[in-house]
Amino acid sequence: MNGLRERKKTAARQALHEAAVRLALEHGLDRVTTEAIADAADLSRRTFSNYFPSKEDAILHGDVERLRAWLDALRERPAGEPPWRALRESLRALYGQWADPDLARATAMRALRQHPSLVARQSAIYGAFERDVARVLQERSGADAPEVRRATRVLAAAFLTGLRVATALWIEEPEVRALIPTIDEVLDQLGNSFR
């Protein structure tokens, strides 16, 4: 029974996420309400509030799921692997989920992500994720000393900053750059400073 219940919850979240993205792309984020998202997903308005606190969270649900998958992939890396390599390899394992093959949709999503309320929510999500990555790196190190906690926090922040820079470069020059090669280029440059 729990398996069926979880599948239904996952399906409801996904339906709300897809409806939120579709409506925001069609009408602009400011013109979309949580009620419209619930109606478009053919779910109750109460269901929306059970799954997401805001329309921004519904739109960013895909990002959150990709970050969770990345954290799981990082946890599964070999214990003796150096931290930077573990970060890179766990990210590479998920590259297929990071690139949208539909260029028009990817371009529209890039524009949507510049909306101030989405930028603010993304910032909060990525800040929490940075702390989670640092915690996993610390657990992988097997040490709990203050200097290890600081070092893993700096490493996580540096890596995620590299991703943000790569994404910004891609957004600024979509006709010149593809996302995955840009991420690799920036992380290669940044990684050289950790060797």
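This is a predicted model: local features need pLDDT of at least 70, side-chain atom pairs count only at pLDDT 80 or more; totals for chains, interfaces and linings use all residues.

User: What does Arg45 form a salt bridge with?
Analyst: Its partner is Asp39, and the closest N and O atoms of the two are 2.8 Å apart. Asp39 counts as partly exposed because its relative accessibility is 44%, and the band for that class lies between 20% and 50%.

User: OK, back up to the fold. How many helices and strands are there?
Analyst: The secondary structure comes to 11 helices and 0 strands. Read along the sequence, the pattern is α-α-α-α-α-α-α-α-α-α-α.

User: And the overall dimensions along the principal axes?
Analyst: The C-alpha trace spans about 50 × 45 × 25 Å. The protein has 195 residues, and buried ones make up 39% of them.

User: What share of the contacts join residues at least 24 apart?
Analyst: If you take contacts between residues at least 6 apart in sequence, 65% of them join residues at least 24 apart.

User: Let's do helices. How far does H10 reach from its first C-alpha to its last?
Analyst: Helix H10 covers residues 146–172, which is 27 residues, and reaches 39 Å. That is close to the 39 Å expected at 1.5 Å a residue.

User: Which residues of H10 are buried?
Analyst: The buried ones are Thr152, Leu155, Ala156, Ala158, Phe159, Leu160, Gly162, Leu163, Ala166 and Trp170.

User: How many residues does H5 have, and what's its reach?
Analyst: H5 has 15 residues and reaches 21 Å from first C-alpha to last, close to the 21 Å expected at 1.5 Å a residue. Its buried residues include Val64, Leu67, Trp70, Leu71 and Leu74, along with His61.

User: Why does His61 count as buried?
Analyst: Because its relative accessible area is 8%, and the cut-off for buried is under 20%. His61 lies in helix H5.

User: What does His61 touch?
Analyst: Leaving out residues up to four places away in sequence, His61 touches Arg13, Gln14, His17 and Phe52.

User: Which residues do salt bridges that share partners join into one network?
Analyst: Arg88, Asp184 and Asp188 are joined that way. Across the structure there are 13 salt bridges.

User: Arg88 and those two Asp residues, which helices do they sit in?
Analyst: Arg88 is in H6, while Asp184 and Asp188 are in H11. These residues are part of the contact between the two helices, where Trp84, Arg88, Leu91 and Arg92 in H6 meet Ile183, Asp184, Leu187, Asp188, Leu190 and Gly191 in H11. By class, that contact has 5 nonpolar, 1 polar and 4 charged residues.

User: At what angle do H6 and H11 pack?
Analyst: About 175°, with the axes 12 Å apart. H6 is residues 83–92 and H11 is residues 179–192.

User: Parallel or antiparallel, and why?
Analyst: Angles over 145 degrees count as roughly antiparallel, and H6 and H11 are therefore roughly antiparallel to each other.

User: Last one: where does Thr34 lie?
Analyst: In helix H2, residues 34–40. Thr34 is partly exposed, with a relative accessible area of 26%. It touches Phe48 and Lys55, not counting residues up to four places away in sequence.

User: How far apart are Thr34 and Val64?
Analyst: In sequence they are 30 residues apart, and in space 19 Å apart, C-alpha to C-alpha.

Key. Residues are numbered from 1 along each chain as its sequence is written. Side-chain values use heavy atoms; hydrogens and water are left out. A salt bridge is a side-chain nitrogen of Lys or Arg within 4 Å of a carboxyl oxygen of Asp or Glu. Buried means under 20% relative accessible area, exposed over 50%, partly exposed in between (1.4 Å probe, protein chains only). Axes are lines fitted to C-alpha atoms, for helices over the stretch in contact, and angles run from 0 to 180 degrees between N-to-C directions. Helices (H or I, at least four residues) and strands (E, at least two) are DSSP runs, numbered from the N terminus. Angles under 35 degrees count as roughly parallel, over 145 as roughly antiparallel, 65 to 115 as roughly perpendicular and the rest as oblique. Contact means heavy atoms within 4.5 Å. Ala, Val, Leu, Ile, Met, Phe, Trp, Tyr, Cys and Pro count as nonpolar, Asp, Glu, Lys and Arg as charged, and the others, Gly among them, as polar. The expected span of a helix is 1.5 Å times one less than its number of residues.
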